[in-house]
Amino acid sequence: MERLRTLRGFRDIFGEEIQKFKFIEDVSRKFFDIFGYKEIEIPVLEKTELFVRSIGDTTDIVEKEMFTFIDTGGDSVSLRPEATAGMVRAYLQEGMYAKERVSKIFTIGSMFRHERPQKGRFREFHQIDVEAFGADDPLIDAELLWMITLILGEIKVTGYSIEVNSVGCKECRESFRNILISYFETKKDLLCEDCLRRFERNPLRIFDCKNAQCIDVTQNSPFLYDSLCEGCVSHFNIFLKHLSNFNIEVSINKRLVRGLDYYTGTVFEVTSVDLGAQKAFIAGGRYNGLVEEMGGPPTPAIGFAIGVERLALISTATIFKQGPSYFFAYVGEKAKNYLVPILRSFVSKGLSLKFAYEGKSLKSQMRYADSMGSDYVLILGDDEIKKGIIVMRDMRRKMQYELPLDPEDMIRESLKLTNNFTVS
RNA sequence: GUGGGUGUAGCUCAAGGGUUAGAGCAUCAGGCUGUGGACCUGGGGGCUGAGGGUUCGAAACCCUUCACCCACCCCA
């Protein structure tokens with residue numbers, strides 16, 4: 001019989017990794033609360049049209065990476081490949097724009113893309129997604145990056161770098177597109193196959209190519225960055241000024257363009273050299289036109305997403321356990337009868353008391369206790385029962401004490417001995 | 001979708017045509033009949049990813065297929 005396993009690109013997340021995930025989420029939630037972001041859960045499955053309209057129908061994501069199927073009602077539905085589309089939908093559907101001037105929301109959950117897995121890339125992956133609607137002030141652009149640096153600091157990520165750029169508003173992007181097309185038109189034969197495709201659909205993306213010859217071609221090409229309109233230049237400069245006031249080091253990467261159609265103005269990426277080819281672990285930017293395109297009032301907006309798997313790969317945080325843990329070791333059936341009342345007392349006090357279900361030799365139980373990292377082992381056998389006591393062994397100091405056998409007294413006395421407990 | 005690499009015990013890996021496929025770690029037991037980590041001894045564990053072929057003989061060679069990893073593409 002063949003054993004079933006997960007689908008390609010889907011994984012079980014457990015053990016140390018899930019602890020790291022939870023830690024990353026906890027730290028993020030803490031800072032989101034400080035900065036006034038409210039949590040929202042949105043559906044994993046939405047109408048395909050939502051993603052087509054927001055992300056763009058010629059992007060790779062919607063063209064070939066979505067898990068799309070026809071449900072029994074005949075609708076085309078898709079597993080979300082990213083969160084922003086659904087967040088915009090929720091912002092409009094729940095009427096947030098009418099209730100507050102600025103809506104700051106975040107969500108945490110799985111995204112799905114039908115890609116070939118590699119280091120730091122899976123078909124089901126987790127994002128922490130943050131969106132702020134209703135403010136065009138570059139201060140909020142800078143504030144987002146500040147919040148990111150605070151989170152990364154607490155998660156103990158070092159050696160990352162932040163790249164920023166502006167991809168301009170609709171107007172300056174449209175005029176630049178023409179400039180770019182006429183430039184590349186003469187150099188078509190120098191571009192790689194992929195870039196020829198990009199030339200047809202989204203010439204901006206040629207700047208993203210890693211092919212040496214293409215990089216060469218773009219070396220002397222006009223940059224969007226250099227032909228931004230007055231308003232975009234001033235917005236970007238004020239953004240940079242704020243960043244320096246926040247003491248945030250960034251580098252301007254004129255080649256940085258994003259793969260989703262909705263971005264306008266500020267875009268940014270946080271990368272780490274420790275990640276392999278998929279080095280961006282946080283990315284985002286402004287999308288001032290999207291809300292209106294989705295049928296809402298004209299609303300400036302900005303957001304970013306954290307790739308949790310990638311962040312977990314580079315976080316050097318170690319998860320500390322808190323509080324002492326106890327183990328109950330018993331010799332003989334008579335002693336085992338004392339387990340339940342003792343266990344109940346420990347649990348009611350919120351203390352961790354482990355034990356072996358099929359207790360074998362004491363030696364075996366001691367090994368078990370040790371392998372689970374128990375700090376104290378309570379040992380009970382006929383001798384102790386006769387004397388009305390229980391032995392508590394301090395595993396690290398290799399010292400033993402006698403405690404009363406009555407559970408309440410036992411806990412009280414043991415806490416006296418362990419109240420200077422510190423995690424090593 | 002394309003390319004490269006790897007599939008042998010729970011994990012990391014040996015064996016490169018020739019008895020019964022090994023080692024370390026992990027696990028269980030014993031040494032120590034009631035005391036953990038170190039050490040010693042032993043036990044359990046495998047259709048060598050799957051299917052076909054070549055051969056007296058295949059984990060090994062050939063074909064097919066599947067899976068995983070890395071990279072391209074793209075992206076968090």
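The legends below describe close-up views of a predicted model. In this predicted model, local features need pLDDT of at least 70 and side-chain atom pairs count only at pLDDT 80 or more, whereas totals for chains, interfaces and linings use all residues. Residues are numbered from 1 along each chain as its sequence is written, and side-chain values use heavy atoms, with hydrogens and water left out.

**View 1. Tyr225 and Phe236 form an edge-to-face aromatic pair.** Rings of Phe, Tyr and Trp (its six-membered ring) pair if their centres lie within 6.5 Å; planes under 30 degrees apart count as stacked, over 60 as edge-to-face and the rest as tilted. The count by this rule is 19 aromatic pairs. Tyr225 and Phe236 are both buried (under 20% relative accessible area, with exposed over 50% and partly exposed in between; 1.4 Å probe, protein chains only).

**View 2. Phe236 also pairs with Phe239.** The pair is tilted because the planes stand at 45°, with the ring centres 5.9 Å apart. Both residues belong to helix α10, 3 residues apart, or about one turn of the helix. Phe236 counts as buried at 2% relative accessibility, and Phe239 is buried at 0%.

**View 3. Ring pairs link several residues into a cluster.** The members are Tyr91, Tyr97, Phe133, Tyr262, Tyr263 and Tyr287.

**View 4. Asp57 lies in the loop between α2 (48–55) and α3 (60–64).** Asp57 counts as exposed, at 51% relative accessibility.

Note on methods: Chains are lettered from A and ligands numbered from 1 in the order in which they are written. Helices (H or I, at least four residues) and strands (E, at least two) are DSSP runs, numbered from the N terminus.
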